[in-house]
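Me: I have a protein model open and would like to learn how to read it. Can we go through it feature by feature?

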Amino acid sequence: MFSENLIQKLQNSKHVVVFTGAGVSAESGVPTFRDVENGLWENFDVMKIGTEQGYLQDPSFGWGWYEWARHQVFLKQPNPAHYAIAQLAEKLPKVTVVTQNVDDLHERDGSLDVLHIHGALNDVCCLYCDYKSTLPQSRIAIEVEQPISSPPDICPLCSSIMRPHVVWFGENLPSDIWQKAKEASEQCDLMLIIGTSGLIYPAASLADRAIYKKIESVQINPDATDIDTLVTHNFRGKAGEILPLLFEAAFGEMK
Ligand code: APR
(Lines give C-alpha, C1' and ligand atoms only; values in the text may rest on other atoms or scores of the structure.)
Protein backbone atom coordinates (compact mmCIF):
# COMPACT_ATOMS: atom_id res chain seq x y z
CA MET A 1 0.00 0.00 0.00
CA PHE A 2 2.86 2.44 0.82
CA SER A 3 5.84 2.85 -1.48
CA GLU A 4 9.37 2.26 -0.20
CA ASN A 5 10.16 5.86 -1.21
CA LEU A 6 7.48 7.22 1.09
CA ILE A 7 8.50 5.02 4.01
CA GLN A 8 12.11 6.15 3.66
CA LYS A 9 11.09 9.77 3.33
CA LEU A 10 9.13 9.54 6.58
CA GLN A 11 11.98 7.81 8.37
CA ASN A 12 14.56 10.34 7.22
CA SER A 13 12.60 13.57 7.52
CA LYS A 14 13.91 16.13 9.98
CA HIS A 15 10.80 18.30 9.89
CA VAL A 16 7.28 17.14 8.99
CA VAL A 17 4.29 19.47 8.79
CA VAL A 18 0.91 17.87 9.42
CA PHE A 19 -1.75 20.17 7.97
CA THR A 20 -5.20 19.15 9.18
CA GLY A 21 -8.81 20.09 8.58
CA ALA A 22 -12.17 19.02 9.95
CA GLY A 23 -11.79 15.51 8.48
CA VAL A 24 -9.15 14.59 11.07
CA SER A 25 -11.79 15.01 13.79
CA ALA A 26 -14.65 13.41 11.82
CA GLU A 27 -14.01 9.96 13.29
CA SER A 28 -14.29 11.52 16.76
CA GLY A 29 -17.85 12.53 15.85
CA VAL A 30 -17.13 16.23 15.26
CA PRO A 31 -19.05 17.29 12.14
CA THR A 32 -17.09 18.67 9.20
CA PHE A 33 -18.17 21.94 7.59
CA ARG A 34 -19.04 20.81 4.09
CA ASP A 35 -20.39 17.29 4.42
CA VAL A 36 -23.57 17.26 2.30
CA GLU A 37 -25.74 15.72 5.00
CA ASN A 38 -24.17 16.44 8.38
CA GLY A 39 -21.92 19.40 7.61
CA LEU A 40 -22.15 22.38 9.95
CA TRP A 41 -22.86 24.72 7.06
CA GLU A 42 -25.80 22.52 5.96
CA ASN A 43 -27.38 22.71 9.37
CA PHE A 44 -26.54 26.16 10.67
CA ASP A 45 -26.62 29.66 9.22
CA VAL A 46 -23.03 30.56 8.34
CA MET A 47 -23.93 34.25 8.51
CA LYS A 48 -25.10 33.98 12.14
CA ILE A 49 -22.27 31.86 13.53
CA GLY A 50 -19.48 32.49 11.05
CA THR A 51 -19.35 36.26 10.66
CA GLU A 52 -18.90 39.21 12.99
CA GLN A 53 -21.75 40.98 11.23
CA GLY A 54 -24.13 38.13 12.08
CA TYR A 55 -22.83 37.95 15.65
CA LEU A 56 -23.49 41.66 16.19
CA GLN A 57 -27.06 41.27 14.94
CA ASP A 58 -27.82 38.75 17.71
CA PRO A 59 -24.88 38.26 20.12
CA SER A 60 -26.87 36.08 22.54
CA PHE A 61 -27.69 33.63 19.76
CA GLY A 62 -24.03 33.44 18.67
CA TRP A 63 -22.64 33.20 22.21
CA GLY A 64 -25.17 30.47 23.11
CA TRP A 65 -24.37 28.53 19.94
CA TYR A 66 -20.65 28.53 20.73
CA GLU A 67 -21.30 27.48 24.35
CA TRP A 68 -23.18 24.49 22.96
CA ALA A 69 -20.51 23.70 20.33
CA ARG A 70 -17.73 23.93 22.94
CA HIS A 71 -19.51 21.49 25.19
CA GLN A 72 -20.17 19.08 22.30
CA VAL A 73 -16.44 18.99 21.51
CA PHE A 74 -15.64 18.58 25.23
CA LEU A 75 -17.70 15.35 25.12
CA LYS A 76 -15.68 13.94 22.17
CA GLN A 77 -12.45 11.98 22.34
CA PRO A 78 -9.38 12.06 20.09
CA ASN A 79 -9.36 9.28 17.47
CA PRO A 80 -6.55 7.09 16.08
CA ALA A 81 -5.54 9.85 13.64
CA HIS A 82 -4.86 12.35 16.45
CA TYR A 83 -3.10 9.65 18.40
CA ALA A 84 -0.89 8.67 15.44
CA ILE A 85 0.09 12.30 14.81
CA ALA A 86 1.08 12.77 18.47
CA GLN A 87 3.17 9.59 18.25
CA LEU A 88 4.90 10.77 15.08
CA ALA A 89 6.23 13.74 17.01
CA GLU A 90 8.09 11.32 19.27
CA LYS A 91 9.77 9.61 16.31
CA LEU A 92 11.11 12.62 14.41
CA PRO A 93 13.22 15.66 15.30
CA LYS A 94 10.41 18.11 14.50
CA VAL A 95 6.70 17.81 13.75
CA THR A 96 4.58 20.93 13.34
CA VAL A 97 0.83 20.41 13.41
CA VAL A 98 -0.95 23.21 11.58
CA THR A 99 -4.69 22.89 12.00
CA GLN A 100 -7.70 24.73 10.69
CA ASN A 101 -9.71 23.10 13.44
CA VAL A 102 -10.88 25.05 16.44
CA ASP A 103 -11.26 21.89 18.53
CA ASP A 104 -8.48 20.85 20.92
CA LEU A 105 -8.37 17.16 20.01
CA HIS A 106 -4.76 17.28 18.74
CA GLU A 107 -3.55 18.68 22.07
CA ARG A 108 -5.71 16.35 24.12
CA ASP A 109 -3.89 13.42 22.59
CA GLY A 110 -0.49 14.88 23.23
CA SER A 111 0.48 16.89 20.11
CA LEU A 112 2.34 19.81 21.64
CA ASP A 113 3.39 22.04 18.77
CA VAL A 114 -0.03 22.91 17.33
CA LEU A 115 -0.65 26.06 15.31
CA HIS A 116 -4.36 26.92 15.33
CA ILE A 117 -4.62 29.18 12.31
CA HIS A 118 -8.41 29.58 12.73
CA GLY A 119 -8.32 30.14 16.49
CA ALA A 120 -9.61 27.95 19.29
CA LEU A 121 -13.13 27.19 20.43
CA ASN A 122 -12.19 27.48 24.11
CA ASP A 123 -10.72 30.95 23.70
CA VAL A 124 -12.74 34.17 23.88
CA CYS A 125 -11.84 37.79 23.27
CA CYS A 126 -13.36 41.22 23.61
CA LEU A 127 -15.13 42.63 20.57
CA TYR A 128 -13.54 46.01 21.14
CA CYS A 129 -10.34 45.93 23.21
CA ASP A 130 -7.41 43.46 23.24
CA TYR A 131 -8.58 41.38 26.18
CA LYS A 132 -8.41 37.61 25.59
CA SER A 133 -8.89 34.61 27.81
CA THR A 134 -9.32 30.85 27.78
CA LEU A 135 -12.48 29.52 29.37
CA PRO A 136 -11.84 27.11 32.27
CA GLN A 137 -12.63 23.42 31.73
CA SER A 138 -15.09 23.61 34.65
CA ARG A 139 -17.20 26.00 32.61
CA ILE A 140 -16.96 24.03 29.35
CA ALA A 141 -18.02 20.90 31.24
CA ILE A 142 -21.39 22.46 32.13
CA GLU A 143 -24.00 20.58 30.11
CA VAL A 144 -25.53 22.42 27.16
CA GLU A 145 -27.91 20.09 25.35
CA GLN A 146 -28.82 22.33 22.44
CA PRO A 147 -27.93 25.75 21.09
CA ILE A 148 -29.95 28.30 23.06
CA SER A 149 -29.52 32.05 23.37
CA SER A 150 -27.24 33.10 26.20
CA PRO A 151 -25.94 36.63 26.88
CA PRO A 152 -22.22 37.02 26.11
CA ASP A 153 -19.67 37.48 28.88
CA ILE A 154 -18.70 41.05 29.59
CA CYS A 155 -15.11 42.17 29.10
CA PRO A 156 -13.50 42.80 32.52
CA LEU A 157 -11.35 45.60 31.04
CA CYS A 158 -13.75 47.71 28.98
CA SER A 159 -17.23 46.27 29.76
CA SER A 160 -17.96 45.55 26.09
CA ILE A 161 -19.24 42.15 25.01
CA MET A 162 -16.99 39.18 24.42
CA ARG A 163 -16.97 36.90 21.35
CA PRO A 164 -15.49 33.51 20.51
CA HIS A 165 -11.81 33.88 19.57
CA VAL A 166 -12.13 32.01 16.30
CA VAL A 167 -11.49 33.34 12.81
CA TRP A 168 -14.76 34.16 11.08
CA PHE A 169 -15.28 34.73 7.36
CA GLY A 170 -13.65 37.93 6.15
CA GLU A 171 -11.27 38.15 9.11
CA ASN A 172 -7.48 38.01 9.15
CA LEU A 173 -5.69 34.97 10.48
CA PRO A 174 -3.66 35.53 13.69
CA SER A 175 -0.52 37.02 12.13
CA ASP A 176 2.17 35.41 14.33
CA ILE A 177 0.66 31.94 14.01
CA TRP A 178 0.08 32.35 10.28
CA GLN A 179 3.67 33.46 9.76
CA LYS A 180 4.96 30.36 11.57
CA ALA A 181 2.61 28.13 9.56
CA LYS A 182 3.80 29.62 6.25
CA GLU A 183 7.46 29.25 7.21
CA ALA A 184 7.00 25.65 8.35
CA SER A 185 5.11 24.79 5.15
CA GLU A 186 7.85 26.14 2.92
CA GLN A 187 10.76 24.74 4.90
CA CYS A 188 9.67 21.24 5.91
CA ASP A 189 10.90 18.00 4.33
CA LEU A 190 7.44 16.46 4.06
CA MET A 191 3.87 17.72 4.36
CA LEU A 192 0.93 15.52 5.33
CA ILE A 193 -2.40 17.06 4.27
CA ILE A 194 -5.13 15.38 6.26
CA GLY A 195 -8.90 15.80 6.07
CA THR A 196 -9.33 19.17 4.45
CA SER A 197 -11.39 20.09 1.41
CA GLY A 198 -8.79 22.76 0.61
CA LEU A 199 -11.50 25.21 -0.35
CA ILE A 200 -10.90 27.93 2.20
CA TYR A 201 -8.12 30.43 1.62
CA PRO A 202 -5.67 31.59 2.80
CA ALA A 203 -5.48 28.38 4.90
CA ALA A 204 -5.46 26.11 1.85
CA SER A 205 -2.50 27.99 0.41
CA LEU A 206 -0.23 26.15 2.88
CA ALA A 207 -0.58 22.99 0.80
CA ASP A 208 -0.08 25.01 -2.40
CA ARG A 209 3.10 26.52 -0.96
CA ALA A 210 4.60 23.12 -0.17
CA ILE A 211 3.65 21.80 -3.61
CA TYR A 212 5.10 24.91 -5.28
CA LYS A 213 8.34 24.43 -3.36
CA LYS A 214 8.44 20.81 -4.59
CA ILE A 215 8.26 19.51 -1.03
CA GLU A 216 7.10 15.89 -0.97
CA SER A 217 3.46 15.68 0.11
CA VAL A 218 0.90 13.12 1.23
CA GLN A 219 -2.85 13.66 1.17
CA ILE A 220 -5.37 11.49 3.05
CA ASN A 221 -9.04 12.13 2.32
CA PRO A 222 -11.98 9.84 1.49
CA ASP A 223 -13.15 12.34 -1.15
CA ALA A 224 -11.54 13.97 -4.16
CA THR A 225 -9.92 17.39 -3.78
CA ASP A 226 -8.35 19.87 -6.19
CA ILE A 227 -4.84 18.73 -5.26
CA ASP A 228 -5.32 14.98 -5.83
CA THR A 229 -3.02 15.03 -8.82
CA LEU A 230 -0.58 17.60 -7.41
CA VAL A 231 0.47 15.81 -4.22
CA THR A 232 3.21 13.19 -4.35
CA HIS A 233 1.17 10.48 -2.62
CA ASN A 234 -2.64 10.54 -2.59
CA PHE A 235 -4.58 8.13 -0.36
CA ARG A 236 -8.36 7.88 -0.63
CA GLY A 237 -9.62 6.87 2.80
CA LYS A 238 -10.09 7.77 6.43
CA ALA A 239 -7.32 9.42 8.41
CA GLY A 240 -7.93 7.23 11.47
CA GLU A 241 -7.38 4.12 9.36
CA ILE A 242 -4.55 5.15 7.04
CA LEU A 243 -2.30 7.25 9.32
CA PRO A 244 -1.68 4.52 11.94
CA LEU A 245 -0.87 2.03 9.14
CA LEU A 246 1.49 4.46 7.45
CA PHE A 247 3.39 5.31 10.63
CA GLU A 248 3.59 1.65 11.65
CA ALA A 249 5.03 0.79 8.23
CA ALA A 250 7.72 3.43 8.81
CA PHE A 251 8.47 3.08 12.51
CA GLY A 252 7.15 -0.31 13.57
CA GLU A 253 4.46 -0.73 16.18
CA MET A 254 3.44 2.57 17.74
CA LYS A 255 2.56 2.83 21.43
N1 APR B 1 -10.53 11.26 7.27
C2 APR B 1 -9.97 12.18 6.44
N3 APR B 1 -10.69 13.13 5.82
C4 APR B 1 -12.01 13.14 6.02
C5 APR B 1 -12.66 12.21 6.86
C6 APR B 1 -11.85 11.23 7.50
N7 APR B 1 -12.37 10.31 8.31
N8 APR B 1 -13.98 12.47 6.85
C9 APR B 1 -14.16 13.53 6.04
N10 APR B 1 -12.98 13.94 5.53
C11 APR B 1 -12.70 15.03 4.60
C12 APR B 1 -13.82 15.41 3.67
O13 APR B 1 -13.81 14.58 2.51
C14 APR B 1 -13.48 16.85 3.32
O15 APR B 1 -12.62 16.93 2.20
O16 APR B 1 -12.49 16.21 5.38
C17 APR B 1 -12.73 17.34 4.57
C18 APR B 1 -13.49 18.35 5.38
O19 APR B 1 -13.67 19.49 4.61
P20 APR B 1 -14.40 20.80 5.18
O21 APR B 1 -15.70 20.42 5.81
O22 APR B 1 -14.44 21.79 4.10
O23 APR B 1 -13.43 21.25 6.37
P24 APR B 1 -12.08 22.09 6.29
O25 APR B 1 -11.32 21.78 5.05
O26 APR B 1 -11.40 21.90 7.58
O27 APR B 1 -12.66 23.56 6.18
C28 APR B 1 -11.78 24.65 6.21
O29 APR B 1 -13.63 26.13 6.39
O30 APR B 1 -15.65 27.04 7.21
C31 APR B 1 -14.28 26.98 7.34
O32 APR B 1 -13.20 27.74 9.24
C33 APR B 1 -13.78 26.58 8.70
O34 APR B 1 -11.57 25.69 9.25
C35 APR B 1 -12.71 25.53 8.41
C36 APR B 1 -12.39 25.80 6.96
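Predicted model: local features only at pLDDT ≥ 70, side-chain atom pairs only at ≥ 80, totals over all residues.

Me: Let me start with F61. Which helix does F61 lie in?

Reply: F61 lies in helix α6, residues 59–74. Helices are DSSP runs of H or I with at least four residues, strands are runs of E with at least two, and both are numbered from the N terminus. Residues are numbered from 1 along each chain as its sequence is written, and side-chain values use heavy atoms, with hydrogens and water left out.

Me: Which residues is F61 in contact with, leaving aside its neighbours within four places in sequence?

Reply: Contact means heavy atoms within 4.5 Å. By that rule F61 is in contact with K48, I49 and S149. Now look at I148. It is 87 residues from F61 in sequence, but the two C-alpha atoms are 6.7 Å apart in space.

Me: Let me try N101. Is N101 buried or exposed?

Reply: N101 is buried, because its relative accessible area is 4%. It is found in the loop between β2 (94–99) and α8 (105–108). Leaving aside neighbours within four places in sequence, N101 is in contact with T20, G21, A22, V24, S25, H116 and G119. From N101 to H116 is 15 residues in sequence and 6.8 Å in space, C-alpha to C-alpha.

Me: What about P222? Where is P222 found?

Reply: P222 sits in the loop between β8 and β9 (233–235). Its relative accessibility is 49%, so it counts as partly exposed. P222 touches R236 and G237, not counting residues up to four places away in sequence. Its C-alpha atom is 8.1 Å from that of G195, which is 27 residues away along the chain.

Me: Now the backbone. Which peptide bond is cis?

Reply: Check the bond from Y201 to P202: it is cis, with omega near 10°. P202 is found in the loop between β7 (190–194) and α11 (205–212).

Me: And phi? What is the phi of S159?

Reply: Phi of S159 is near 65°, a positive value in a residue other than glycine. S159 is in the loop between α9 (137–140) and β6 (162–166). K214 also has a positive phi, about 60°, although it is not a glycine. K214 lies in the loop between α11 and β8 (216–220). With a relative accessible area of 75%, K214 is exposed.

Me: How many disulfides does the structure hold?

Reply: A disulfide is a covalent bond between the sulfur atoms of two cysteines. Here the test is a pair of cysteine sulfur atoms within 2.5 Å. The structure holds zero disulfides. The sulfur of C126 has its closest cysteine sulfur in C158, 3.5 Å away, so that is too far for a bond. C155 is in no disulfide either, as the nearest cysteine sulfur, that of C129, is 3.6 Å away. C155 is buried, at 2% relative accessibility.

Me: How is the protein divided into domains?

Reply: The bounds come from an automatic or database domain assignment. Domain 1 is 1–30 + 78–118 + 173–255, and domain 2 is 31–75 + 119–166. Their centres, taken over C-alpha atoms, are separated by 27 Å. The contact takes 16 residues from domain 1 and 11 residues from domain 2.

Me: Last topic: pockets. What is the volume of the second largest pocket?

Reply: Rolling a probe the size of a water molecule over the atoms shows where empty space is left. On a 1 Å grid over the protein atoms alone, a cavity is a set of points where a 1.4 Å probe fits but cannot get out; a pocket is an open set with protein on both sides within 12 Å along at least five of seven lines, and lining residues have an atom within 4 Å of a point. Grid points are joined across faces, edges and corners, and a volume is the space filled by probe spheres set on the points. The second largest pocket has about 400 Å³. Its lining has 22 residues, and C125, K132, R163, H165 and V166 lie nearest its centre.

Me: Why does the second largest pocket lie between domain 1 and domain 2?

Reply: Because both domains give residues to its lining.

How values were computed: Buried < 20%, exposed > 50% of the residue type's maximum accessible area, 1.4 Å probe, protein only.
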